[in-house]
Amino acid sequence: MADIGAKKLFIGPRLRRVRQDLGLTQMRMAEELSVSASYLNLIERNQRPVTAQLLLRLAEVYEVDLRALAGEADQRAVVDLAEVLADPLFRETPVPHHEIVELASVAPGIGDAFARLYRAYLDAKRRAETATREAADRDAPPAGAEDAVELVRDYVQDQRNHFPAIEEAAETLSGTLLAISPDLLHAIRERLREKHGITLRVLPVDVMPRALRRFDRHRRQLLISEMLDGAGRTFSAAYQLAQLEFGPVLDTLSEKAGIGSAATRRLLRVNLANYGAAALMMPYGPFLTAAENLGYDIQVLAARFGASFEQVCHRLTTLSRPTARGVPFFMVRVDSAGNVSKRFAAANFPFSRYGGTCPLWALHSTFKIPNRIFTQVVEMPEGQRYFTIARAVSRTVSSWVQSEAELAIGLGCDLKHAQRLVYARGLDLARPDATPIGMNCRLCDRPDCTQRAMPPFSKTLLVEEHTRGIAPFRFE
């Protein structure tokens, strides 16, 4: 907290959002914080800086994440606005980066509304283009499907991918399961049978050629494909148990989120049930303790908790309990074409919403050498440095006639936390060999990148007929 007190900190808009999210009036919040309503009003209007004592009081009364409240503009909001304003639609009215940061900091609600309006514009544009292609009409996703996925991702990220109610329910249930058997899959099988009258069966692939998990409500059977490995089978069983035993919690969170359509809320509920399954396999307290003691060695954690590499990486992004925090990781999952299918972060990381990831990130090298873990220090254009770990994984066991679904998992944290990781041992973290990367080509203005696929939209392209540089594009 020393550096918080060393400078004047204005958090008006962020404090106002916290108060409004809690449904409190200025008078009520002032009473609970033991300050005057007029003083709180001045803070919310950025006419008074917040004190370290008041920040601590906020954390004590409302369990506010001080890193988010006392930090600079939310990095995700800045990235979202930068991506929107990089669209050719705004080429004639370029907005400098410092104004984007200022808007995200001073008026985050306006920035968020602007980003949502842009996504609606893109969705309408996509539907209009799809309607003109008769051949693609049958295969086109339902209107708004992409927006539903983004709404769920945004909501999860707004919660820092941490849901205390699910964690508490999972810790209670995991204790019950441990009393049944130290073998988690066996314990879940018995719990499903004894309490819910459900039989768990593992079936051959020729019986379940197109499904990995299916719950037969009428026969009260949970059917799991033999193509799932041990971690996959346990996760599938834990997911079904979470759906049954955490139902009220999942319903409350899904409805309280108030996002999108009924289908969007069902998608969120599925995501929350997946969260519950991971929390059952890797209970918060024991998992965090093991992670800290092992230097966050993912493979050892996977072996100890009977989980996969990807499941452990995902779980590591959820360790944001105010009284017991882990390293604030971010995670991304991509396929060999660069499509992003997962992104989570316990802290700010400039994920790209409308494009892929930077080809200079070692994440993309993992497909060349499966099962090898790549480590890399990367530096963003604004100077932020991150320590990253990447590895290729297979989604399921594949038969000879099926192509194996390979994905790349990227896990990382701010460089200042790297000393806690076993993967950084022996590295000079004070003077690291950092690889300069960007969010994606359309937003990155590094001039001499040999991997550039397109010029940045915010710059003017320079075309020289008689000169070929090391980079494929030149721009002002």
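Reader: Which residues of helix 17 meet which residues of helix 19?

Author: In this predicted model, Y284, F287 and A291 of helix 17 meet V312, R315 and L316 of helix 19. The residues of this contact comprise five nonpolar, no polar and one charged.

Reader: Why are helix 17 and helix 19 called roughly perpendicular?

Author: The axes of helix 17 (residues 284-293) and helix 19 (residues 309-316) cross at roughly 100° and come within 12 Å. Angles of 65 to 115 degrees count as roughly perpendicular, and the two helices are therefore described in that way.

Reader: Why is L421 called buried?

Author: The relative accessible area of L421 is 1%. A residue is buried when that value is under 20%, so L421 qualifies. L421 is placed in the loop between strand 10 (406-414) and strand 11 (435-436).

Reader: What is in contact with L421, leaving aside its neighbours within four places in sequence?

Author: The residues in contact with L421 are G295, Y296, V327, F329, F387, I389 and C413. One of them, V327, lies 94 residues from L421 in sequence, while the C-alpha atoms of the two are 9.0 Å apart in space.

Reader: What makes the span of helix 14 agree with expectation?

Author: Helix 14 covers residues 230-245. At 1.5 Å a residue, with the count taken as one less than the number of residues, its 16 residues should span 22 Å. The end C-alpha atoms are 22 Å apart, so the two values agree.

Reader: Which residues have the most contacts inside the largest nonpolar core?

Author: They are V312, L316 and F387, in a core of 75 residues. Helix 16 (residues 262-281) gives the most to this core, with nine residues. Another core, of 23 residues, lies apart from it, and includes A345, F349, L363 and A408.

Reader: What does L316 touch, not counting residues up to four places away in sequence?

Author: L316 touches F287, A291, Y296, I298, L301, V327, F329 and L411.

Reader: How many helices and strands are there in the chain, and what share of its residues counts as buried?

Author: The chain has 19 helices and 13 strands, and 46% of its 476 residues count as buried. Among contacts between residues at least 6 apart in sequence, 59% join residues at least 24 apart.

Technical notes:
Residues are numbered from 1 along each chain as its sequence is written. This is a predicted model: local features need pLDDT of at least 70, side-chain atom pairs count only at pLDDT 80 or more; totals for chains, interfaces and linings use all residues. Side-chain values use heavy atoms; hydrogens and water are left out. A nonpolar core is a set of buried Ala, Val, Leu, Ile, Met, Phe, Trp, Tyr and Cys residues joined through side-chain atoms within 4.5 Å. Buried means under 20% relative accessible area, exposed over 50%, partly exposed in between (1.4 Å probe, protein chains only). Helices (H or I, at least four residues) and strands (E, at least two) are DSSP runs, numbered from the N terminus. Contact means heavy atoms within 4.5 Å. Axes are lines fitted to C-alpha atoms, for helices over the stretch in contact, and angles run from 0 to 180 degrees between N-to-C directions. Angles under 35 degrees count as roughly parallel, over 145 as roughly antiparallel, 65 to 115 as roughly perpendicular and the rest as oblique. Ala, Val, Leu, Ile, Met, Phe, Trp, Tyr, Cys and Pro count as nonpolar, Asp, Glu, Lys and Arg as charged, and the others, Gly among them, as polar.
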